[in-house]
Structure formats: structure tokens, C-alpha cells
Amino acid sequence: MADVAKPANGETLRDREHRSGRRVAWPTSRQMLALLAILALASCLVFMTVGVRGNWGFVLQLRAPKLLAMIVVGHAIALSTVTLQTLAGNRILAPSIMGFDSLYILIQTLMVFLAGTALAMAIDPIALFIAETAVMVLFALTLYGKLLGGATRDLHRLLLVGVILGVFFRSTASFLQRLLDPNAFLVLQDTFYASFNTVRSDLLLIAAVLIGIVTAIFWRLVPQFDVLSLGRDTATSLGVDSTRLTRISLGLIAVLVSVSVALVGPLTFFGLLVASLAVVLVGSRRHAETILAASLIAVICLVGGQTVLERVFQFDTALGIVIEFFGGIAFIAIILKRGFT
Amino acid sequence: MVERHHAGESPTAALPREPAARAAPEPDRPVARDGHPGSPSRRNGQKLLSLGLLTLAVLFVISLFVGVGDLSVRTLLAGTWDAETMRLMLVSRIPRSAAAVLAGASLAVAGLLMQMLSSNRFVEPSTVGTTEAAALGMVVITIFAPDASILAKMLFAASFALLGTLLFLVLIRRLRSKSSLLVPLVGLILAGIIESTAYFVAYRNDLLQSLGAWSRGDFSMILQGRYELLWIGLALAAIALFAADRFTLAGLGRDISVTLGIAYERIVALGLVIVSLIAALTVVTVGEIPFVGLVVPNLVTMAMGDNGRRIVPVVAICGAGLVLACDIIGRLVRFPYEISVGAIMGVAGSLLFLILLSRGRPARG
Amino acid sequence: MIEAAALTKLYGKARVVDEASLTLASPGVTAIIGPNGAGKSTLLSMIARLLPIDGGRALIDGLDVTRTRGDELAKRISILKQENGLMARLTARDLIGFGRFPHSKGRLTPTDYEKIEEALTFLDLLPFADRFLDEMSGGQRQRAFVAMVLAQDTRAILLDEPLNNLDMRHAVAMMRLMRRAADELGKIVVVVLHDINFACAYADRIIAMQGGRIVVDGPVEEVVSEETIEAVFGLPVMVRDVEGQRTCLFRA
């Protein structure tokens, strides 16, 4: 019975896909991108203007850094997730899930731990940030280079190792923080939770510059990513040096993660959420479109979400938690739905 | 010891003999004599058990004499042992050490049960959402009935833990790919979701500090009268030992259990209740101690296999020893300050987990 | 004695097993054959109460499997499923010992130890008795599971493709073992087989299934004919008697 039913079923499915097609109701990816851009712009406008009374200059000055931080962070997370997914050859990974965010927190802690609290507090924050980012790139290349470089093709093992690596980094950071004296603990206290209210505005400028550079480099690499998404072997035979591409990209992703964690803190599932949505809305064949869509969705989620939470629900610092909650559910839904192998 | 028949003269009551054509094993090879009671895994077990007990006793004594208060072996030798010292011993040191032993033993057994219930080696209560759900339950009951007795709160938390674990089991039954590594992954994410819910609810109700206490394992606040709930954990571990055969079979899967006449659903339900109660007990009294239930059963299983009746006692003793050792380290590392046992287990446990993963031993499931 | 009356299993609207009826009263080896998806495993699972029954009923020694206590049935019928993918870290001896669970509830008696030792001996497992299952080859592990079923010592034994993972020598040894369990111990053995010639050589009776229905049920000589095999498998074959043994040959 089952044998007879199977092929018939398969055919009808394909037929249905053919007939009902996406052409009928689904906008083209360009239309979709335009729609997302409008939504993103609208949420930024609302965020800047809603509830403003009296002194505009003061309010704008207060909100502009926050808005800029959210745009920078959203874009950094979206870009790093989409590219890492292509490098690893699947759509379920994200840098934060693989422990990148926690690694950065550990590096931050280690810096204070090794340099001593007094020195750490005296150093120029921008210099410290650059040093941390450099160490982060180094660590990411050595640690994740092997993990993602094709040695492990077992996706489940890769994911689980990544998640546990994250737990290990986080536990070690929190252990080291307890070894420090209370002052140092204060310096690092905020590192474990994402917050969009205590944005590090002192780092905003350098962060924006770094993100701009990284985006420019990735933009030049986009054609290679399109080829790489066909698979490592195909890419190699088409002349793309996938090992080199992996190394460069890992370094860049490390920079992106440093920026987003330094600015607002770790967000485990946000990247996966926006990347998945982007793939659903515009597909994943052309990376330029996927990345753009993911970034726009990220901005809509962050800015729109913050506006709604702040203005409607009066929850001031809850955005990170809400994102984690829905992102986690999305992750499980993806696993259950695809039952991916 | 059971009287063994020589294999060559064993009565053919059950089954006919092999034909000569078949390369049958030499009938009187020594292996055949070496019957069940003397098998290597069992000898291993007895050795490990006594070694473990001895280590645990030594650790316990050390634990009694480590701390900020003026109570060391020196006071004992110098003969300055007075009523005050005695009180410190009775009110603080003994309860604290006992709490570590009880929590460690019951958490390790809970981990083993969790692994049998989900037929997967890489899970334990704190990585599938059980512990997090218990903490959420504590937040909720503290909001709605802040004056409830500690026992009532614990039972409420246990019911949350039960629901969280059930949710996990339902989710993994629905997984299409039965990869043994996907199961712990789903568990970790579910735990994260429940944890963020608890964090959110606690944050809205000004309970972050309490939530911190429930989610960070710490023995420094343990005094006489504040840990006795943990004895229930030991009783639960004893029940697990009593039903160990059934749990082992449940770990082999539903088909084999049913064939051998086990009420599979009932034994899973019993296991769930035990695991949830242990998780809630420890969350309420000392807070979450991660990875004990994962690391200990895995290491013990590697040496002795999965036969529940043989390994439950060893798992309990090793779990007790590990937690006690971590607590002692936590008291010494930055003397006179203390580092919580949860923080130490977080580092040691995740590192050991990574090592277990990289060994690549085929997992259950 | 196994009796199944109009057993039916539904997955959605598909009738995976469709009113299958059979009676196995006397000792012997019965082979169930049929193409993939014919419902062979599902039928066995329902008889052994591993799957809920959607229609009809199954009796073991007159006891309805859906109403009788599990431990009572465990003394009368045992089943070994095809997928024992689990990699439990039990020794072969431990595993086989669990086969005695219905009789001793885990407190092994001298009789139990004897049965374990016998099962080990007759499946050629003595050299590996104390090795962990996850350190064995696929064939050794398969034999350990069969030994567990034998140690359970039930009159009815159901085996779902027990020859998987076995090389030719061990496959033949396994079938001979089934044969002798039936002849000398009076067991009712039901075995799902993929290879018709194994069924021809060792079974007394063959049940052929297709599309969830039992299409033929009878002695080997009756069932294995060119017409029936072609009808069941949709493949023309040559059927010959080779030295008195019914044999199925592919057409080149």
C-alpha cells in the first residue's frame, strides 16, 4: 500500500507546487526587499519621534545613539549569521549558538583578569575594545577554523560541540569574575545580559567604522558565497578557494561578533531568527539579497520591538529576553519541522 | 555465589546442542566457568564502589575542617575543642558537608534516570529544562503564595519540573531524525527558553535575587535546619536502585520493555516523578548544580556498563564525591572568600562534556 | 498458541495491515514473506502488543493481548524487532540475563543462570559473554539479542528479520537453531524473512503478505510456486526442486 501511495503523493506535491506556484501571491525578492526597507525606515522614524514632547534636540540626542547602536548590532548579527551558515553549509547555525558571543565575553573577562582591574579601568576603552577584537579574531580562527573547516561533517556534533563550547566559555568567564575583587566584578557585571538601554556609546563610532569595513569586504566576496552555497566540492571545482574563504570570513565574523557583544551584550538566537526569516522571504540563492533582507529584518525587530516594548508595555530592558524567548522557540520549530539530517 | 554447572555437562533442557560441523567453542574453555558473579564488569564495580566510598569518607572529613570559622585539625590536636567549636561543627560544617553529599548523590542518580528515560547519554535535568522549570515554579509560587511552607513550594516547583520534562520528552518523540546528538541539543534550547521565561517573570516581579539563588548552586548558606529536605533525595535514589532493572530495560526502549512484560509507561512516569522531585529539592535548598548528572553517569558507564542495579550505587557515590570535592575547592581557591559550587561545576562539567563528545563513543539511541 | 482474527492497522486512511487472520497452534517454524511495506513487521508487532490494534483481535494461549497483564504475556510470547540500533553499554551476559526478567523479576536464581549460560553457548557467544554490546560486531550483537529472546523461554517466539547483519554462516546457524527450537523444544517460531530460499529450507509453513493482506498461507510446497511468487513480489522467477528442496531462482 505504502509503496503505491508514496510516488503518487510525491507527484501531487510537486504538481501542487507547480500549479499554485509562488507567482500568484508571493512578491518578487526585490519587491520584498523594498517592503522591508520601508518597514525598517518606518520603525526608525517612529522610534525617534513617538511620544516626544518639548525639547526635540535633547530627545534626538538621547535616542540617536541608541538607534544607531541597534542598526549596527542588527546588521552585524544578520551579516555574521548568514555568512556563517553558508560556510557551514546549513541554515541552523549562528555564531552565537556556536559560542562566539560567549568567547568574546570570556576574552573581555580574561583581559581584566590578566591586566588587573586598575589597569583595565585606566586604559582607553577604544584601545581595549580593539585589543579584545584582535584576540577574538585570533581565537576564532584557531578554535573554529578546524571545527568548521570541513573536518567534522556531522552537523549535530558540530552544533552540540558549539553549544557546549559556549557554556564552557560562559562558565569560565563567570568563574574568573568571581575570582576578581568586587571592583572588577562591577566593571564586567553587565556583560552577561543583553541590554539596549545601556548601550556603550563610547564605542559606537569605532564600531560603526569597523562594521562598514567588514561589510565592504563581504560585499566583494558575495559572488564567491553564491558559489559556495552549492557545496564545498562544487565550489572547489569551480575555482573558489573555500579554505581561504573560510579563514577570511571567520576573521570577519569574529569582528562582527565583537562589535555586537561589546555594544549590547550576547543574543543567542536572534541571528538564527532573522536569517531564517530572510531565507523564507527572499530565498538563499543570492547572498546579496539574503544578507540585505536579514539586516533589514534585524533592524525592524530591534527598533520596532524596542519601540513597542517601551511605549506600549512600558518594559524598558526586556527586549533581549523577549528576543531570546521567541528565537529559542523558532529554533526548536525549525528542528522539528525539517527533522534535518 | 551460585553453583555453576560445567559448561560441558550442562543439561540440554533448554536448547539442543550445535552440530559438530559448526565451529562451536571448546566446551570447557575457562570463560564458561567464569560465570556471571565473577565477570570483569562486576569485579570492576566492587572495586570502584569501595574505592569511591573510601574517597568520599576522606573528602567528608576534609570538608569538616575547611572553612573560615576557627575549626581546623589543629584545634582538634591542640585540645582547644570547646562547646563553641562543637556548635560550629554541628550547626554548620556537618550539615554543609551532608548537603553536598546528598545533593551530589541524588543529582547524579537523577541524571542517570534522565538518560535512561530518553535513551540518550547526553542529557541530564539541567540540560533538558527540568531544573529551569523547577526554578520557574519557585518564582511563580513565590509571587502567588509567598508565605507557603518550604515543602509546599518545593512540591509546586516539582510539578513545574515534571511539566518541563514532559514537554522535553514529547518534543524528542516528535523528532524525525533520531540522531543521538539532536536530542541533547533540543534539551539545551528548551532549557534556555524556560530559563529566559523565568528570568522575565522574576524581573517583572523583583525576584531576580531569589532566582539567582535558585539557579546558582551554593552551599555557603547551608545550616542545620536548612538542608534536611535533601534527605528525601536520598530516599528517591533508593527507589531508583530498587527499580533499577526496570529503568535499565526502559533505557533499551519501549519494544524490549514491553516484550519482557514491563509496564513501560508506568516506569517512565515513575522516573519522571523521581527526576522532577530531585531537581526541585536541590533547586530549593542549594540551587542548580549543572552537569553532575551528565558527567558522573557517563564516566561510570564507561567503566562499568549500563546495568542499572550495578551502577546506581556507584553513580550516587561518585556524584556525592564530585560535588563535595567541588565545594571544598570552592572554599579554598580564594580563601577566605568562597566560590559557589555551581560556578565550579559549570566550568568542570562543560569541559568534561566536551571531552566526552570528542571521544566520539557511539551514544545510545 | 497464537490466534489472530481480522487484525487491522490504520495509519491515517492507509490500511497497513488489513484484516489479517492466522492461527499457529502446533510447534514449527513459520516464515512470513512479502515485499517491503507489506505489513509483515506491523502484524508481528500487533500480535506481540507492541502496537495498538485498530481492528480485530489477537490471542496468545487464549488470552487477549490488549487485556492481559504484560508480565503474564511475557512468559508466553517474545519478540525481537528488527531495529535494535540502541548501543546500550551492557555486556552480552547482562542483556541475556534481562531475558529472564519475566520469570525472576531481576532476582536471578540458579535456574536463570543456567538458562543464560545455555543461551550463550548455543549462540556461540561464550567468548564474548562479558564484552559490552557497543564493542561487538553487528552480527555478534544480533546474536546476543536472539539469545536474550531464547533465554526468555516462551513457547511463542516472533523474530523480525533476524538474519540482518548476519553473514551466511551465522544466518544458516540461526535458521538451524530456529528449526531445532521448534522440533526439540516445541516452540512456535514465527520469523519474517527476506530471502525466500531461507524460508524454503527451514520453514514448515509460509505466510505471504502483500498490501497489508495475507495472500497465501500454507506449507512450503504449496506456497512457493512460480505463479504465487510472481503475484506477491511482482517478479517472475523460476521455481525448481533441487535435491528435494524447493528453490527459487532469478531469471537472468
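Biologist: In which kind of crossing, left-handed or right-handed, does H10(B) pass H13(B)?

Modeller: Helices (H or I, at least four residues) and strands (E, at least two) are DSSP runs numbered from the N terminus. A crossing is left-handed if the near helix is turned anticlockwise from the far one by less than a right angle, and right-handed if clockwise. The crossing in which H10(B) passes H13(B) is left-handed.

Biologist: Which pLDDT do local features need in this predicted model?

Modeller: Residues are numbered from 1 along each chain as its sequence is written, while chains are lettered from A and ligands numbered from 1 in the order in which they are written. In this predicted model, totals for chains, interfaces and linings use all residues, side-chain atom pairs count only at pLDDT 80 or more, and local features need pLDDT of at least 70.

Biologist: How are H10(B) and H13(B) oriented to each other, roughly parallel or roughly antiparallel?

Modeller: Axes are lines fitted to C-alpha atoms, for helices over the stretch in contact, and angles run from 0 to 180 degrees between N-to-C directions. H10(B) (residues 230–242) and H13(B) (residues 264–285) pack at an angle of about 160°, with their axes 9 Å apart. Angles under 35 degrees count as roughly parallel, over 145 as roughly antiparallel, 65 to 115 as roughly perpendicular and the rest as oblique. H10(B) and H13(B) are therefore roughly antiparallel.

Biologist: Which orientation do H12(A) and H13(A) have to each other?

Modeller: H12(A) (residues 270–282) passes H13(A) (residues 287–313) in a right-handed crossing. Their axes come within 8 Å and cross at roughly 125°. The two helices are therefore oblique.

Biologist: How many of the 13 residues of H12(A) are buried?

Modeller: A residue is buried if 20 or more other C-beta atoms lie within 10 Å of its own, exposed if 12 or fewer, and partly exposed in between, with C-beta atoms placed from the backbone. The buried residues of H12(A) include A:Phe270, A:Leu273 and A:Val282. H12(A) is mostly covered, and its count of buried residues is ten.

Biologist: Which residue just after H12(A) takes a positive phi?

Modeller: H12(A) reaches 18 Å from its first C-alpha to its last, close to the 18 Å expected; the expected span is 1.5 Å times one less than the number of residues. Just after this helix, a positive phi of about 80° is taken by A:Gly283.

Biologist: Which residue just after H4(A) takes a positive phi?

Modeller: H4(A) (residues 100–115) has 16 residues and reaches 22 Å, close to the 22 Å expected. Its buried residues include A:Phe100, A:Tyr104 and A:Val112. Just after H4(A), a positive phi of about 90° belongs to A:Gly116.

Biologist: What percentage of the 341 residues in chain A is buried?

Modeller: The secondary structure of chain A comes to 14 helices and zero strands. Of the 341 residues in this chain, the buried ones make up 42%.

Biologist: Which residue with a positive phi follows H8(B)?

Modeller: H8(B) (residues 182–204) has 23 residues and reaches 33 Å, close to the 33 Å expected. Of these 23 residues, 18 are buried, and the helix is mostly covered. The residue that follows H8(B) with a positive phi, near 60°, is B:Asp206.

Biologist: Is B:Pro313 buried or exposed?

Modeller: B:Pro313 has its place in H15(B) (residues 308–332). B:Pro313 and B:Ala105 are 208 residues apart in sequence and 8.8 Å apart in space, C-alpha to C-alpha. Because it has 21 C-beta neighbours inside 10 Å, B:Pro313 counts as buried.

Biologist: Which strands of chain C stand at the edges of the sheet?

Modeller: Two strands pair if DSSP finds at least two bridges between them. The open sheet has six strands in the order E6-E7-E8-E3-E9-E10 (chain C), with mixed pairing. One side of each edge strand is left without a neighbour in the sheet, because each has a single partner strand; the edge strands are E6 (77–80) and E10 (213–219) of chain C.

Biologist: Which residue is the bridge partner of C:Val29 in E8(C)?

Modeller: E3(C) (residues 28–33) and E8(C) pair in the parallel sense over five bridges. In E8(C), the bridge partner of C:Val29 is C:Val189.

Biologist: Which residue of E8(C) does C:Asp160 stand opposite?

Modeller: E7(C) (residues 156–160) and E8(C) pair in the parallel sense over five bridges. In E8(C), C:Asp160 stands opposite C:Val192.

Biologist: How many of the five residues of E8(C) are buried?

Modeller: In a regular strand the side chains alternate between the two faces of the sheet. In E8(C), C:Ile188, C:Val190 and C:Val192 are buried on one side, and C:Val189 and C:Val191 on the other. E8(C) (residues 188–192) is largely enclosed by the rest of the structure, because its number of buried residues is five of the five.
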